[in-house]
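I opened a new page for this structure today.

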Amino acid sequence: MRLSVTGESALERLALALGIAPVTLMDTHMAFLRARAIMVGTKLGVFDALAGGALSHEAVATRCGTAPAATAKLLNALVGAGYLTFTRGRFALTPTARKWVTSDSPTSMRDKVLFEFIEWGLVEQIEDFVKTGQPLDIHDSQSSEQWALYQRAMRALSGIAAPEIVRRTPVPKGASTMLDIGGSHGFISGAMCRRY
């Protein structure tokens with residue numbers, strides 16, 4: 001899978017083919033605004049507020065404890081990002097939002113999205129790394145709250161990857177013990193043991 005800029009109309013496709021569309025603007029400015037809107041919507045509880053059904057921006061603001069006019073702007077950005085829809089004055093979740101960022105979804109990446117606030121600060125240090133070659137030890141620089149969020153984020157990722165890993169990992173017939181080295185929360189090991 002690759003993220004890329006694609007044209008929605010013949011004119012946009014032509015502009016891309018001729019190299020006159022400012023793809024760098026989409027790859028940088030628009031990408032980080034879109035990412036931040038999704039992150040903020042997750043952190044403020046917008047997606048969970050809409051999990052029960054469509055609401056006006058005022059109702060979402062009431063549920064999230066946010067300013068109504070500013071909430072409307074965030075909700076509109078999330079419509080543009082493809083995470084919400086807007087019909088007759090009410091916002092609703094798209095299937096993407098319901099599957100990946102609501103708390104009660106079995107495939108929720110909510111904790112990983114929340115950890116991205118910490119990662120956002122970490123990637124700001126890439127320039128220093130490139131200049132000095134000195135890596136950042138993220139496992140040593142986190143508070144206990146950040147560490148807990150990191151573990152939940154890694155667990156969310158493992159929940160998505162575990163079925164494929166379990167299916168593709170060769171296990172000897174009759175295996176009855178397992179050694180998990182560096183498995184953190186142990187979710188994938190647990191999935192392996194449940195299957196075998």
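My entries follow, grouped by topic.

**Entry 1: the model**

I noted at the start that this is a predicted model. I kept that in mind for every entry below.

I began with M26. Which helix holds M26? I found M26 in helix α2, which covers residues 23–43.

M26 has a relative accessibility of 41%. Buried means under 20% and exposed means over 50%, so a residue in between is partly exposed. M26 therefore counts as partly exposed.

**Entry 2: how α2 crosses other helices**

I took α7 to start, which spans residues 110–123. The axes of α2 and α7 come within 9 Å and cross at roughly 125°. That angle makes α2 oblique to α7. The cut-offs explain the label, because roughly perpendicular ends at 115 degrees and roughly antiparallel needs over 145. I recorded the crossing of α2 and α7 as left-handed.

Then I turned to α5, residues 68–80. The axes of α2 and α5 come within 9 Å, and they cross at roughly 125°. α2 and α5 are therefore oblique to each other. I wrote down a left-handed crossing for α2 and α5.

**Entry 3: salt bridges**

How many salt bridges does the structure hold? I noted 8. As a reminder to myself, side chains of opposite charge can pair when their charged atoms come close.

I looked at helix α7 again. E116 and K112 both lie in α7. They sit 4 residues apart, about one turn of the helix. Their side chains meet in a salt bridge at 3.5 Å, N to O. Are the two partners buried or exposed? E116 is partly exposed, with a relative accessible area of 26%. K112 is buried, with a relative accessible area of 13%.

I moved on to helix α9, residues 144–168. E164 and R167 both lie in α9, 3 residues apart, which is about one turn of the helix. E164 forms a salt bridge with R167, with the closest N and O atoms 3.2 Å apart.

I found that E164 also forms a salt bridge with R168. Here the closest N and O atoms are 2.3 Å apart. R168 and E164 are 4 residues apart in α9, so about one helical turn separates them.

E164 is partly exposed, at 35% relative accessible area. R168 is exposed, at 58%.

**Entry 4: a linked network**

Which residues are linked in a network of salt bridges? I wrote down D48, R110, D111 and R152.

Key: Residues are numbered from 1 along each chain as its sequence is written. This is a predicted model: local features need pLDDT of at least 70, side-chain atom pairs count only at pLDDT 80 or more; totals for chains, interfaces and linings use all residues. Side-chain values use heavy atoms; hydrogens and water are left out. Helices (H or I, at least four residues) and strands (E, at least two) are DSSP runs, numbered from the N terminus. Buried means under 20% relative accessible area, exposed over 50%, partly exposed in between (1.4 Å probe, protein chains only). Axes are lines fitted to C-alpha atoms, for helices over the stretch in contact, and angles run from 0 to 180 degrees between N-to-C directions. Angles under 35 degrees count as roughly parallel, over 145 as roughly antiparallel, 65 to 115 as roughly perpendicular and the rest as oblique. A crossing is left-handed if the near helix is turned anticlockwise from the far one by less than a right angle, and right-handed if clockwise. A salt bridge is a side-chain nitrogen of Lys or Arg within 4 Å of a carboxyl oxygen of Asp or Glu.
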